[in-house]
Amino acid sequence: MTRPDPVRVTELPAWKALAVHSREIERRSLRSLFAEDPDRAWRLSAEGGGLFLDYSKNLITKDILDLLVELARQCHLTDHIETMFRGEHINRTENRAVLHVALRMPRDRTLVVDGTDVVREVHAVLDRMEDFSRRVRDGTFRGATGKPVRNVVNIGIGGSDLGPVMAYEALRSFSDRSRTFRFVSNIDGTDFVEATRDLDPEETLFIVSSKTFTTLETMTNARTAREWLLARLESPDAVKHHFVAVSTNADEVRKFGIDTGNMFGFWDWVGGRYSMDSAIGLSTMIAIGPENFREMLAGFHAMDEHFRITPLEANLPALMGLLVVWYTNFLGAQTVAVLPYDQYLKRFPAYLQQLTMESNGKHVRIDGSPVDTTTGPIYWGEPGTNGQHSFYQLIHQGTRLIPIDFIGFARPRTPLGPHHDILMANLFAQGEALAFGKTADEVRSSGVPEFQVPHRTFEGNRPSNTILAETLSPRTLGALVALYEHSVFTQGIVWGIDSFDQWGVELGKVMAVRIIEELSGKKTDGPPHDTSTSALIRRYRTMREGGEEKGRG
Ligand code: F6P
């Protein structure tokens with residue numbers, strides 16, 4: 001069976017019924033919905049993969065929820081899930097399977113795709129990663145001058161950076177504190193210079209992470225790293241002892257000068273933004289150790305199984321994805337805020353931006369026809385409580401609807417006096433204040449001057465999900481990431497788009513290559529730019545020359 005054809009979602013009965021309900025919900029309030037149903041908090045919550053989701057503070061009624069689930073059925077969500085897990089080529093525009101779920105299947109599972117047991121291949125790479133990580137961690141892997149590795153620098157960008165850096169930050173409390181981990185992604189030379197300025201090359205290992213091994217930023221940074229190393233270590237074996245590669249492209253790895261014996265592979269069925277649990281996670285494994293890395297994979301897998309087998313009514317990723325559809329398509333929300341109340345998750349919103357927006361920022365459906373709905377919302381966020389003293393004002397009293405995902409943990413990784421209860425009290429208070437607000441009468445009764453009443457009134461009705469887990473462990477992190485991966489999948493199925501390609505990043509890349517040649521003066525005879533771009537290039541070159549002249553004096 002191949003992926004079912006996308007349905008025209010706006011023509012489905014459930015979609016039409018939801019449109020009617022969207023007009024009705026505007027007349028309801030979360031205050032009245034909670035007052036009418038004492039069991040609401042209990043009814044509108046679910047658990048899976050070690051995560052608890054309270055979605056009762058959403059602008060939905062039972063009918064709306066039933067219709068959202070019905071919409072998923074009418075879009076054949078369950079068939080699509082099966083199709084992905086079977087390894088069909090559901091990434092149609094690139095004719096590829098989408099099998100990040102295979103990266104975390106237990107060793108005793110079998111999944112034959114295009115004639116190969118991919119689970120066996122996955123575990124063979126994991127075993128090599130484990131062996132290498134152990135040797136780095138116990139000091140038996142040594143640099144060219146015989147010193148053990150103290151610094152690990154991951155060079156990558158997009159999915160080859162955001163996952164590793166997010167996971168390192170999230171699981172720092174599990175990491176080997178005697179080692180330094182750095183992440184270089186930006187082509188801006190500052191990134192490399194600042195990441196390496198205090199590192200001893202004799203103790204530094206570079207992991208060049210790139211699925212294609214052709215990405216301009218990564219390859220430029222990797223070449224700079226090679227020069228940096230060779231300028232400091234004269235050993236002919238320096239690259240062999242200080243560089244490893246994570247890639248699907250052995251030819252390019254070889255051309256760069258890294259022995260393919262020092263290469264950790266993965267497969268074209270792992271999308272960049274779905275790759276943090278593949279060999280792209282090598283820096284994570286070195287940081288937290290193989291056992292913890294496997295725990296993280298177990299967390300991913302638990303959420304995968306939950307998504308695959310749980311009825312849609314209690315299925316966390318499906319519910320979260322459907323709520324995004326509800327706000328995006330029926331209530332006009334443009335964004336989703338992800339607000340983790342955990343400092344270790346400070347890079348989680350940035351990680352989610354690639355996962356969600358590179359996946360679902362699409363303007364045509366999988367068959368190439370234009371979409372007739374709004375697609376992927378903008379994801380953004382900051383850890384609590386910092387955001388409260390910055391942008392929460394707009395969420396509480398602005399004119400936009402911003403659905404929120406709060407994320408919190410019962411037990412902190414770093415207990416410190418009263419901090420954690422204060423942190424969590426803030427999370428709970430924000431959800432409550434946003435949902436229920438403060439009426440003008442309540443404001444008045446607290447005795448404030450009349451002219452201030454409208455300013456101090458909170459309409460409420462601002463929706464949120466709350467995701468709670470016991471503690472931020474490797475297992476929890478895996479489950480959390482998989483939760484969002486599958487929520488993105490659910491949204492993509494409803495919209496009928498290909499969530500697994502990323503053609504939208506190509507045009508800018510091609511144009512940059514042309515302009516690089518123009519800036520270096522290598523090429524001046526190409527087709528003209530628009531007048532704005534031409535003038536900017538001219539001005540930049542003049543300013544740059546001026547700067548150089550001043551510097552020469
Ligand atoms: O930005 C486009 C993109 O292809 C991402 O999808 C990917 O994660 C990133 O570039 C890096 O690609 P690579 O791992 O091939 O260097």
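Begin with the lining of the largest pocket: 11 nonpolar, 15 polar and nine charged residues (Ala, Val, Leu, Ile, Met, Phe, Trp, Tyr, Cys and Pro count as nonpolar, Asp, Glu, Lys and Arg as charged, and the others, Gly among them, as polar). A pocket here is an open set of points on a 1 Å grid over the protein atoms alone, where a 1.4 Å probe fits, with protein on both sides within 12 Å along at least five of seven lines; lining residues have an atom within 4 Å of a point.

This is a predicted model, with local features needing pLDDT of at least 70, side-chain atom pairs counting only at pLDDT 80 or more, and totals for chains, interfaces and linings using all residues. Residues are numbered from 1 along each chain as its sequence is written, and side-chain values use heavy atoms, leaving out hydrogens and water.

Now show the pocket itself: its volume is about 910 Å³, meaning the space filled by probe spheres set on the grid points. Of its 35 lining residues, select Thr 212, Thr 215, Gln 502, Val 505 and Lys 509, the closest to its centre. Next, colour helix H21 (506-519), which gives the largest share of the lining, four residues.

Then pick the ligand, which sits in this pocket (more than half of its atoms lie within 2 Å of the grid points). Zoom in on Thr 215: an N or O atom in its side chain is 2.5 Å from a ligand oxygen. Polar backbone atoms of Gly 159 and Lys 211 are each 2.8 Å from an oxygen of the ligand.

Definitions and conventions:
A polar contact is a pair of N or O atoms within 3.5 Å; within protein, one must be able to donate a hydrogen and the other to accept it, and residues adjacent in sequence count only if both atoms are side-chain atoms. Helices (H or I, at least four residues) and strands (E, at least two) are DSSP runs, numbered from the N terminus.
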